[in-house]
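Hi,

Here is the structure I promised to pass on. Please have a look at it first, and then read my notes below.

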Amino acid sequence: MGNEEAVFFSRVLTELTLSFHIIFATIGVGIPLMIMIAQWVGIKKNDEHYILLARRWARGYVITVAVGVVTGTAIGLQLSLLWPKFMELAGNVIALPLFMETFAFFFEAIFLGIYLYTWDRFENQKKHLLLLIPVAAGASFSAVFISIVNAFMNTPQGFELVEGQLININPLIAMFNPAMPTKVTHVVVTAYMTSAFVLAAIAAFRLLKGSNHIYHKKALYLTMKLGLIFSIASAIIGDFSGKFLAEYQPEKLAAAEWHFETESSAPLILLGVLEDGEIKYEIKIPFALSMLAHNDPTAEVIGLDQFPKDEIPPLYIHYLFDLMVFIGMWLVAISAVYVISIWKGWGFVKSKRFLGLIVAGGPLAMLAIEAGWWLTEVGRQPWILRGLMKTENAATSSGQVDLMLILFSGLYLILGIGVIVVLRRMFKRNPVEKEMEDRQAEMDGEYH
């Protein structure tokens with residue numbers, strides 16, 4: 001295997017691993033907050049349905065955490081095996097957040113274990129609720145620290161590179177790089193949003209399959225409200241991300257928007273196809289790109305004409321950008337319609353057709369997460385460490401990467417099937433109706 005093939009298979013394997021891991025990482029960040037909110041609502045309203053929501057979500061969450069640990073370990077292993085030159089350079093500068101991410105995970109895992117073990121062991125349920133705070137905080141800070149590392153890859157700082165040697169290393173300056181604020185907030189908030197829509201999809205699916213249990217109705221209303229809040233927050237943070245790109249990574253913004261020539265009063269290009277360098281069938285919104293980039297409809301936006309050809313990201317990221325934005329807008333719309341309709345007493349949102357749209361929202365939200373990460377990683381190309389190290393110079397020269405790709409693909413297939421089978425059996429053997437009866441019996445003192 002030549003070096004070019006090793007780079008290709010390294011990129012494919014890394015992308016496969018990240019695409020698989022991001023599913024469990026997103027759920028792992030967002031679900032603890034949903035559990036905490038459900039339990040808080042249950043205690044506040046003295047409503048056992050919300051308490052049961054928290055319990056069932058926590059039970060399923062444990063399974064996804066186990067898989068997330070495996071895939072997260074695989075990423076750590078692959079960083080060292082596939083990208084040794086990158087780790088040799090960046091590891092000296094940005095190791096601190098990697099260590100803190102591990103600490104945050106252990107913090108989350110310890111309190112999650114205590115939370116699960118102490119169900120019904122507290123007379124005051126508010127004290128039991130407090131255990132969820134470190135669980136949710138640990139999950140979110142895991143995302144914060146790992147996103148800081150990714151932000152560093154986009155805007156590296158905190159060191160000097162003199163004749164190939166690193167000097168004046170400052171890990172804190174490296175951590176608080178310009179990409180950090182928008183990157184971290186976008187990752188965390190979209191994880192909350194996606195988790196809410198995944199849980200809403202499950203509740204809507206149960207209603208669509210004929211269950212009329214109030215448990216599922218309450219779950220759907222709660223998660224759609226949370227989905228609306230976090231989808232609006234994601235859109236606002238996405239706007240800040242656009243302004244960050246205009247200032248620090250203009251080539252990524254220009255490639256995502258097919259903005260070829262530097263110009264003022266730049267329009268925003270949505271949809272369309274690129275044929276022989278010509279954009280066709282697009283929707284062009286006048287002044288919108290200048291507004292997105294600089295909050296000024298007449299501002300100048302840097303185009304791809306300002307960059308060497310070998311430093312321009314692949315132009316197909318425009319489709320990823322469109323996919324992410326349109327799904328996000330659709331999620332805002334459908335959750336707003338649902339919440340307002342329930343508030344107003346409009347019944348059409350309880351129809352099978354609308355429930356079907358909500359069910360689709362779960363996988364679509366996850367698809368938007370995937371598209372966002374592909375946009376981030378592909379849009380940084382050809383750099384692995386922007387401006388300092390190209391991807392092709394960071395990869396291993398090993399001739400065994402194709403074999404690794406096959407082995408890890410098999411592992412992810414087994415894990416994916418396994419988690420579906422386990423979750424399905426777990427909830428099929430313990431339906432809501434049975435758990436409510438058992439819960440009531442426990443409270444009546446029939447079980448000792």
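**Lysine 183 and its surroundings**

Setting aside neighbours within four places in sequence, lysine 183 is in contact with Ser147, Asn150, Ala151, Asn154 and Thr376. Please keep in mind that this is a predicted model. Lysine 183 sits in helix H7, which covers residues 180-208.

Which side chain of opposite charge is nearest to lysine 183? That is glutamate 377, 5.8 Å away. Lysine 183 is buried yet has no salt bridge; a salt bridge would need a side-chain nitrogen within 4 Å of a carboxyl oxygen. The lysine 183 side chain does make a polar contact, at 3.4 Å, with the side chain of asparagine 150.

**Serine 19**

Serine 19 belongs to helix H1 (residues 3-45). Its relative accessibility is 15%, and because the cut-off for buried is under 20%, serine 19 counts as buried. The serine 19 side chain reaches the backbone oxygen of glutamate 15 at 2.7 Å. Not counting residues up to four places away in sequence, serine 19 touches Glu370 and Trp374.

Helix H3 runs over residues 84-117, 34 residues in total. How far apart are the end C-alpha atoms of H3? They are only 41 Å apart, short of the 50 Å that a straight helix would reach at 1.5 Å a residue. H3 also bends by about 70° at glycine 91. Buried residues in H3 include Ala90 and Val93, as well as Pro97, Glu108 and Tyr115.

How values were computed:
Residues are numbered from 1 along each chain as its sequence is written. This is a predicted model: local features need pLDDT of at least 70, side-chain atom pairs count only at pLDDT 80 or more; totals for chains, interfaces and linings use all residues. Side-chain values use heavy atoms; hydrogens and water are left out. Helices (H or I, at least four residues) and strands (E, at least two) are DSSP runs, numbered from the N terminus. The expected span of a helix is 1.5 Å times one less than its number of residues. The bend at a residue is the angle between axes fitted to the seven residues ending there and the seven starting there. Buried means under 20% relative accessible area, exposed over 50%, partly exposed in between (1.4 Å probe, protein chains only). Lys and Arg count as positive and Asp and Glu as negative; His and the chain ends are not counted. A polar contact is a pair of N or O atoms within 3.5 Å; within protein, one must be able to donate a hydrogen and the other to accept it, and residues adjacent in sequence count only if both atoms are side-chain atoms. Contact means heavy atoms within 4.5 Å.
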